[in-house]
Amino acid sequence: MTNQESVRRKINPRETATSPSNPSCLPDLLENAVTLLQSQRPDAIQLAKLNDIREQLREERLHLAVLGQFKRGKSTLLNAILGEALLPSSVLPVTALPTWIRSGKTLVKITMEKNGASVVEEHRSGNLTDFLNRYVNEAANPENVLNVTDIQVFHDSEILKKGVVFIDTPGIGSTFRHNTAATMNFLPQCDAALFVTSADPPLTETEIEFLKSVRDRVPRLFFILNKTDYLDEEELEQAVSFLKKTVRTQAGIDPEPVFAVSAKKGLMAKLKKNSTGWKESGMADLEARIFSFLAGEKQAALYEALNRRTLDILNNLLMELNLSLKSMELPLTDLEQRITLFEEKLGHTRDERLAVLDRLAGEEKRTLKKMEEEAEQLRVDALKDIEQTIEKAARGRSAREWEAAAREKLAGFIPGYFENRLGRFSRRFKKRMALTLEPLQKETDHLIESIRHKAADIFEIQFYAPKSGTAFVARQKPYWITHKWKQSLSPVPPGTLDRVLGASLQQKRARKRVLEQVEELVRNNVENLRWSIFQSIQTSFRRFSNRMNETFNATLSATRGAMEAAARKRREKGKDAENEIRQARQLIEQIQEISGILSETVKTGADESAEA
Ligand SMILES: Nc1nc2c(ncn2[C@@H]2O[C@H](COP(=O)(O)OP(=O)(O)OP(=O)(O)O)[C@@H](O)[C@H]2O)c(=O)[nH]1
Ligand SMILES: [Mg+2]
């Protein structure tokens with residue numbers, strides 16, 4: 001019996017015949033890894049991640065995403081599958097945030113962050129598409145100014161009852177680059193995907209590049225050529241064969257079979273319960289394929305995806321455990337020398353970290369200053385624009401009509417004006433923040449990885465770079481406080497004095513009254529906005545540096561912390577360390593065995609799909 005077979009039996013005594021490619025050992029392997037960590041390394045950051053995977057596995061929840069370039073018809077395709085025009089779709093880029101569609105009684109649930117707290121809004125009836133549109137749509141919620149953190153749609157369609165969760169994703173490659181980023185960040189959570197494209201324009205370079213990065217992260221991909229209603233038979237044939245050839249030669253993926261559909265016609269047919277139309281749209285074939293995938297291959301696909309994710313986490317953990325073991329095993333003087341060397345090298349990393357923190361502080365100061373300047377300019381401009389509007393509206397009116405005309409004009413003008421000017425102002429700063437933080441985030445990632453790299457080099461252990469992005473630094477977006485405009489002018493009755501004054505004096509007093517109110521309104525609105533942007537900028541920077549410090553410290557405690565703990569114990573306990581070395585070795589062996597089986601499973605799975 002090989003070593004791995006014996007481990008497999010130990011891990012899963014009920015399934016003595018478990019072959020490496022049989023995915024059924026994953027729950028037991030996960031259970032084992034979690035139990036081991038809970039008892040021996042309860043503070044390991046990998047524990048929570050393993051627990052999440054365990055839960056997804058327990059619920060047999062497959063995350064099937066619809067991916068593709070903007071406007072290829074992803075949302076329309078999902079609507080056709082659901083049999084309801086529920087998800088917003090339009091000729092303009094729409095879906096700006098991943099939208100999760102789960103089984104359940106119809107409900108739309110939006111979670112947002114408001115003033116540091118999580119707020120949930122739910123709708124069960126009425127026009128749910130309109131409601132969704134307010135949050136998911138790029139036009140209504142540009143760059144996610146509303147700070148939406150999660151969008152869940154529950155729907156009672158049959159297909160969702162098969163344990164699948166659909167995810168409608170933002171289109172890649174549009175002018176809204178953050179939409180591409182949102183989809184890329186989301187990929188690690190995706191277990192399988194429908195890739196939607198269409199013939200006009202044919203597959204673009206952006207799509208090919210995207211497919212290349214999806215290829216290594218999403219184990220199962222289905223290819224869909226949408227909008228076939230634009231094509232005649234010959235054109236369709238050409239389009240399908242072009243798609244197959246390009247995907248095969250340029251992205252290195254075998255796309256067979258390609259589903260040629262018209263999601264739009266499919267949706268119309270399904271709404272009218274027209275089964276012939278449904279078949280003719282190509283959607284019946286695609287739907288049947290998804291059903292058969294869920295019935296026959298879902299489990300394997302889910303296990304394959306979760307195997308990969310678990311393996312990534314365990315390899316990351318192993319590196320840390322090996323470092324800790326090596327620190328306990330080395331002769332004390334050797335260990336101390338290596339710690340000193342690590343400390344020296346760390347000195348440079350610390351300097352770089354301080355440089356990042358300095359740049360953060362500088363960027364914060366500059367951003368706040370720029371914001372103050374623009375707020376003041378905005379106040380001046382707004383006042384001027386509004387005054388001009390009043391003058392124009394009241395021109396040619398009699399002195400007595402003047403105030404009513406001015407107020408009427410303002411009532412119509414002010415809401416749109418503030419919505420537009422102040423809205424643009426807020427969005428500009430949110431974008432500026434995202435652009436400022438992006439390179440700093442990259443530098444931080446690099447710094448964190450360099451600590452682990454140095455530790456691995458000095459202690460001569462294998463370095464492991466996490467693949468899926470799930471292992472450490474979480475991406476962050478600027479935190480943004482939303483702001484409601486105070487829009488109306490309160491009517492102020494003319495004072496008694498006005499009635500006894502002549503017309504021209506009456507007009508002067510009315511003008512003064514209206515302008516004073518306008519000035520106050522502008523001041524309040526700009527000040528409120530200035531305050532909310534000020535808070536948002538400060539909070540975003542604070543969160544970024546907190547998160548950076550947390551990750552930095554966690555990495556330090558997993559590296560230098562482990563070395564120092566070992567050195568301390570060795571000095572204090574002398575011989576007792578042997579017991580700990582034995583335990584650490586055993587833990588590593590056990591985790592290695594688990595990761596060994598998982599990597600065999602991943603490899604066998606990859607070989608099998610290559611053969612197929
Ligand atoms: N003719 C035709 N139009 C379609 C089809 N599917 C979608 N459309 C149209 O294409 C446009 C884009 O559809 P959406 O479903 O919003 O596309 P999307 O990929 O979700 O777009 P983003 O969310 O912005 O990435 C809409 O005007 C749809 O009506 C189809 O099969 N045929
Ligand atoms: Mg969409």
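Modeller: First, a definition. Helices (H or I, at least four residues) and strands (E, at least two) are DSSP runs, numbered from the N terminus. The model here is predicted.

Colleague: Where is proline 257 placed?
Modeller: Look at the peptide bond first. A cis bond joins glutamate 256 and proline 257, with omega about -15 degrees. Most peptide bonds are trans. As for the place of proline 257, this is the loop between α8 (233-251) and β9 (258-260).

Colleague: What phi does glutamate 60 have?
Modeller: Most residues other than glycine have a negative phi. Glutamate 60 lies in the loop between α3 (46-58) and β1 (62-68). It is not a glycine, yet its phi is positive, at about 45 degrees.

Colleague: Are α2 and α3 roughly parallel or roughly antiparallel?
Modeller: Helix α2 covers residues 26-40. Its axis and that of α3 come within 10 Å and cross at roughly 150 degrees. Angles over 145 count as roughly antiparallel. So α2 and α3 are roughly antiparallel.

Colleague: Is the crossing of α3 and α11 left-handed or right-handed?
Modeller: The axes of α3 and α11 come within 10 Å and cross at roughly 165 degrees. That makes α3 roughly antiparallel to α11. The way α3 passes α11 is left-handed.

Colleague: Now the ligand. How many residues surround ligand 1?
Modeller: Start with the closest ones: Lys71, Lys74, Thr76, Val94 and Thr95. By class, the shell has 6 nonpolar, 9 polar and 6 charged residues. The number of residues surrounding ligand 1 is 21.

Colleague: How much of ligand 1 does the protein bury?
Modeller: Take the polar contacts first. A backbone N or O atom of serine 90 lies 3.1 Å from an oxygen atom of ligand 1. A polar side-chain atom of serine 262 is 3.3 Å from a ligand 1 oxygen. Taken alone, ligand 1 exposes 650 Å², and the share that the protein buries is 93%.

Colleague: Which element gives the most to the shell around ligand 1?
Modeller: Two elements give two or more residues: α4 (74-82) and α9 (263-271). The top contribution is 3 residues. The element that gives them is α4.

Notes. Residues numbered from 1 in each chain as written. Chains lettered and ligands numbered in written order. Predicted model: local features only at pLDDT ≥ 70, side-chain atom pairs only at ≥ 80, totals over all residues. Heavy atoms only, no water. Near = heavy atom within 4 Å. Polar contact = N/O pair within 3.5 Å; in protein donor to acceptor, adjacent residues only side chain to side chain. Areas by Shrake-Rupley, 256 points an atom, 1.4 Å probe, with all protein chains shown as cover. Nonpolar A, V, L, I, M, F, W, Y, C, P; charged D, E, K, R; others polar. Axes fitted to C-alpha atoms, helices over the stretch in contact; angles between N-to-C directions. Parallel < 35°, antiparallel > 145°, perpendicular 65-115°, else oblique. Left-handed = near helix turned anticlockwise from the far one by under 90°.
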